[in-house]
Every structure is written in C-alpha cells, then in structure tokens.
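Take a look at the model below. Keep it in view as you read.

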Amino acid sequence: MREIWALTRKDLLIEARSKVVATQVLPFAMVILILFGLALDADRSSLRSFTPGLFWVATLFAGILAIQRSVSVETQSSAFEALRLSGAPGWKLFAGKALAVALQLLAIEFVLALGVVVLYRSNFADPVLVVTAALAATIAIASAGSLYGVLAVGMGVRDTILPMLLLPVLTPVLVAATRAFDDGLGTTAVNGWSWCGLLGLFAVVYGAIGAVAYAVVIEDA
Amino acid sequence: MPIATVEPSTTAQEAVGTSSRLTKILGFACLAGLAVLFLLAFVLTDPDERVDEATNIVTGQFDAVRLLYVHFPVAIVTYTAFLLNAVGSIMVLWKKSTWWDITAAASAEVGVLFCGLTLVTGSIWGRPIWNTWWEWGDVRLMTTTILFLIFVGYLAYRRTMTDSQVRAKRSAVVGLVGAINIPIVYKSVEWWENRTLHQQSTLADLAVEDLTLFAMIFGMVVFLGVYAWLLIHRFRIGWLEHQAETTGLEQAIAERRAQAPDAIRNAVTQARSSEPETGVHQ
C-alpha cells in the first residue's frame with residue numbers, strides 16, 4: 001500500500017504545484033457544459049432531461065485530458081524508467097497512477113455536479129445512488145484510462161490515438177452511468193441500481209485487466 | 001523478452017503473390033458457394049408470409065427476409081474473426097509469437113470488414129422492417145457499433161508503431177480489452193430483452209423452416225470460407241511485410257558495416273590533413 005500511496009501522492013503533488021487540472025481541465029469541463037446549454041438553445045427542460053448524458057460526456061472529455069496529463073508527467077525526464085527501476089510490481093504502479101487519476105476525476109465530477117445544479121437546475125433526487133454510480137464509473141474510467149494512457153506513450157500521435165482507443169472502450173461505462181444518473185436525478189424511471197451493478201462489474205474488469213497488463217506495457221514505455 | 005521469429009521459407013524478394021493452389025481452390029469454392037447461396041436466398045426459399053387465420057391478415061418480413069441469409073452469416077463471421085484476434089493476442093503475450101501477431105492483425109482487419117457488412121446489411125434490412133435505417137434504442141445494434149469502433153481503433157493503433165515487438169505486445173492488450181465486448185454483443189438481446197428489436201436465437205431450437213435453416217447454415221459455411229480465404233491472403237501479406245522489415249533492417253546494417261572501413265579511413269585521412277604541419281613532439 002505504501003508504494004501505491006507514494007505514487008498517488010507524487011502525482012497529486014505535481015498537480016498541486018503545476019495546477020494543470022485545476023486551471024485548464026476543470027475550466028474546459030465547464031466550457032463543455034456551457035456549450036451544451038448554448039447548443040440546445042438554452043431550453044432548460046431539455047437540459048434537465050439530458051443532464052445525465054451531458055454530465056458524463058463532459059466528464060469523459062475532461063477525463064481524457066486528465067489521463068493525458070497523468071501520462072505526460074511520466075514521459076518527461078525518463079520518469080517511466082525510474083518507475084520501472086523502483087522495484088514496485090506493475091499492479092502497484094497501475095493502482096497508484098489510476099488512484100491519482102480517479103481522485104482528480106472525482107474533483108472534476110464534483111465541480112460538474114455543481115455546474116449542472118446551477119446552470120441546468122438539475123436536482124439530485126437520490127444522492128446515494130448518484131455517489132455510488134459516480135464512484136464505480138470513476139474507477140472504471142481511471143483504470144481503462146491509465147492502461148490506455150501508457151499504451152499511447154512514445155508515439156508522435158499520442159494525443160489523437162488515445163481518445164480513438166479509449167472512448168469506444170468506455171462507451172458501455174458512459175451508457176450505464178447515464179442510466180444510473182437518470183434514476184438518481186429522477187429524469188427517467190429506470191432501475192438505477194442495476195445499472196450501478198453493471199458499472200461495478202466494468203470497474204472490476206478494467207481494474208483487473210489494468211493490474212495484470214500494466215507490467216507488460218510499461219516495459220516499452 | 002524478444003518476440004520469437006520463425007525463419008522465412010521464402011524471402012520477400014522471391015515472393016510473387018499471396019495465392020497458392022489451396023487458396024485458389026478455396027476461392028473458387030467460395031464463389032460457387034456464393035452463387036448457390038444467392039440462388040437459395042432469391043429463388044428457392046419462400047418470402048416470409050404468415051396468415052392470421054382469424055383475421056385473414058398477412059404479416060411477416062416478406063422479401064426482406066432474404067437479406068438475413070447474408071446478414072446472419074456475416075455477423076457470425078464477425079464474432080469468429082474477433083475471437084481469433086483474442087486467441088492470437090493471448091498467444092502473443094504467452095508465447096511471444098510473431099506468427100500469432102500477424103494472424104491476430106489479419107483477423108481483426110477482416111473482422112472489421114465483416115462487422116461493417118453486418119451493420120450495413122442490418123441497416124438495409126431494418127428500413128422496411130423497423131421503418132428506420134438506424135435504431136438508437138436497439139442494444140445489439142449499439143454494442144455491435146461499439147465493437148466496430150473498438151477494432152477500427154485497434155487497426156489505427158497498429159499503424160502508429162514501427163517496432164514490431166512493441167507493436168505485437170501493445171496491440172495484444174488492446175485486442176484483449178476489445179474482446180470483452182464480444183460476449184456482450186452476443187448476449188445483449190438476452191440481457192436487455194426489452195431494449196432490442198432483434199429477435200433471440202431461433203436456430204438453436206430449430207424454430208425455422210427446413211430450407212430456411214439450411215440456407216442460413218449454408219450461408220454461414222460459405223462466408224466462413226470467404227473469411228478464411230481473405231484471412232490467409234492478409235496473413236501472407238503481413239508475413240511478407242514482416243520479412244521485408246526484417247531483411248530490410250539486416251540489409252541496411254550490412255550496408256552500413258560495409259561502409260564502415262571507408263568511413264573510418266576517410267575520417268582518419270581528414271583528421272591527419274587538418275593537423276598543423278609544424279607540430280613538434282616534446
């Protein structure tokens with residue numbers, strides 16, 4: 001656990017000092033929310049009913065930037081080589097990086113949640129379901145993102161190939177999270193907890209694959 | 001660990017094509033099979049018409065059902081192709097095999113083609129039957145589209161890397177993550193029964209008429225043959241590309257080595273000529 005937390009703490013410390021997520025990714029997420037509002041012609045009832053989908057699309061787009069940032073800090077000064085030489089097993093390196101991304105994503109989601117309440121006048125009818133779904137979806141996004149982030153390392157086209165690879169893989173998570181939020185925000189009558197279960201399954205599967213495959217892909221990073 | 005390579009039986013320079021006697025026979029057999037399939041689909045089988053005895057109203061898919069003799073087999077080939085990609089990906093990670101890497105890549109490429117065909121034929125069939133080209137609410141259509149996009153990404157990803165060993169390893173991971181969606185697509189109509197317009201499997205319980213069933217299974221065999229034919233040719237192209245990369249690199253190293261004595265001689269000569277002639281040894 002010490003190695004995992006050390007790596008997470010290192011990434012959070014870099015973020016605290018550089019403030020890239022706080023000053024660039026978070027404002028970008030808010031820009032997406034505002035653009036959706038303008039594109040939908042400021043029709044508040046439409047915005048309210050589309051809030052779950054818009055929320056998670058904004059989270060995914062902002063998440064891509066957070067994942068790219070998480071990888072780029074390791075590509076500078078051959079930091080990946082230092083990670084490999086640290087002696088920590090691959091799954092711990094993966095867990096540390098994914099946890100840091102997940103915490104940053106949760107911060108983004110918190111700000112986005114405030115945004116949809118203020119801008120779209122959405123109402124969180126079932127906060128327990130919303131928080132549980134958000135946690136499961138965040139773990140799934142951070143796990144798949146951390147793995148794919150390393151897969152895109154060392155390429156001239158990293159910035160374009162990462163969304164191309166990652167977004168289709170995360171589409172089931174997007175759908176399940178949106179349905180769970182549909183119930184949690186009371187926009188559509190669906191069984192949000194069953195979708196939450198599916199999110200949990202994706203979080204476990206992507207987490208397990210990432211933990212196993214990270215050691216293999218980090219060798220050439 | 002380096003990827004194991006097999007000594008080439010033919011060099012890239014010697015190869016003149018990707019066909020062999022076997023593939024020629026297979027190719028002609030597939031052409032004949034396709035002709036028979038179209039005969040079965042368009043002439044020998046009946047349109048889907050059911051008469052309600054109480055109201056005497058005729059319902060069914062009518063002639064649109066004929067498209068299913070293509071749609072269903074190409075969907076089965078799609079699953080087969082992506083499953084072979086998953087097997088190849090496991091073998092790459094397990095055995096570090098170049099042969100399996102090229103097989104996985106070839107299968108994914110042909111699989112993307114068949115997945116695209118599945119979507120197109122399904123869309124054309126859906127227009128008269130569902131009254132729409134595209135149905136967002138259909139879970140199988142959506143999961144198949146995601147599968148298509150994942151493997152388009154897989155192919156694009158492979159093209160971004162020049163180091164064959166790194167490409168094999170990383171692509172295998174991407175292929176395996178993509179393979180998670182295969183059972184989801186297959187089982188989607190059972191898991192989300194109320195979110196699909198697709199029917200559940202009726203072949204397993206033989207709930208279709210004899211000739212229809214025969215045409216479906218025959219179509220499956222024919223399209224699996226077409227898949228095998230395309231796969232073999234794509235594999236051979238991939239193998240030749242691999243050999244061209246390997247022999248190309250070896251040739252470049254050999255040429256560089258051959259140049260080395262001259263280069264060293266020239267460098268020494270140049271260094272000597274630039275030395276001051278008045279140099280005094282102390």
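## Where the chains meet

This is a predicted model. In it, 15 residues of chain B are in contact with 15 residues of chain A. Which elements of chain B give two or more residues to the side that touches chain A? They are α4, residues 139–159, and α5, residues 164–179.

Eleven are nonpolar, two are polar and two are charged.

Now turn to two strands of chain B. Strand β1 covers residues 48–51, and β2 covers 58–62. β1(B) and β2(B) run antiparallel, and three bridges join them. Look at Val51(B): its bridge partner in β2(B) is Val58(B).

Asn56(B) sits in the loop between β1 and β2 of chain B. Its phi is positive, at about 65°, although Asn56(B) is not a glycine. Is this residue buried or exposed? Asn56(B) counts as exposed because it has 7 C-beta neighbours inside 10 Å, and a residue with 12 or fewer is called exposed.

Phi of Phe62(B) is positive, near 55°, and the residue is not a glycine.

How many other C-beta atoms lie within 10 Å of Phe62(B)? There are 13, so Phe62(B) is partly exposed.

## A charged residue inside a helix

Next, find Glu109(B). Glu109(B) belongs to helix α3 of chain B, which spans residues 98–129. Glu counts as a charged residue. Glu109(B) is buried because 21 other C-beta atoms lie within 10 Å, where 20 or more are needed.

What does Glu109(B) touch, leaving aside its neighbours within four places in sequence? Glu109(B) is in contact with Leu155(B) and Arg234(B). Glu109(B) and Phe82(B) are 27 residues apart in sequence. In space, their C-alpha atoms are 9.2 Å apart.

## In brief

Chain B touches chain A with 15 residues, and eleven of them are nonpolar.

Terms used: Residues numbered from 1 in each chain as written. Chains lettered and ligands numbered in written order. Predicted model: local features only at pLDDT ≥ 70, side-chain atom pairs only at ≥ 80, totals over all residues. Contact = placed C-beta atoms within 7 Å. Helix = DSSP H or I, 4+ residues; strand = E, 2+ residues; numbered from the N terminus. Pairing = 2+ DSSP bridges.
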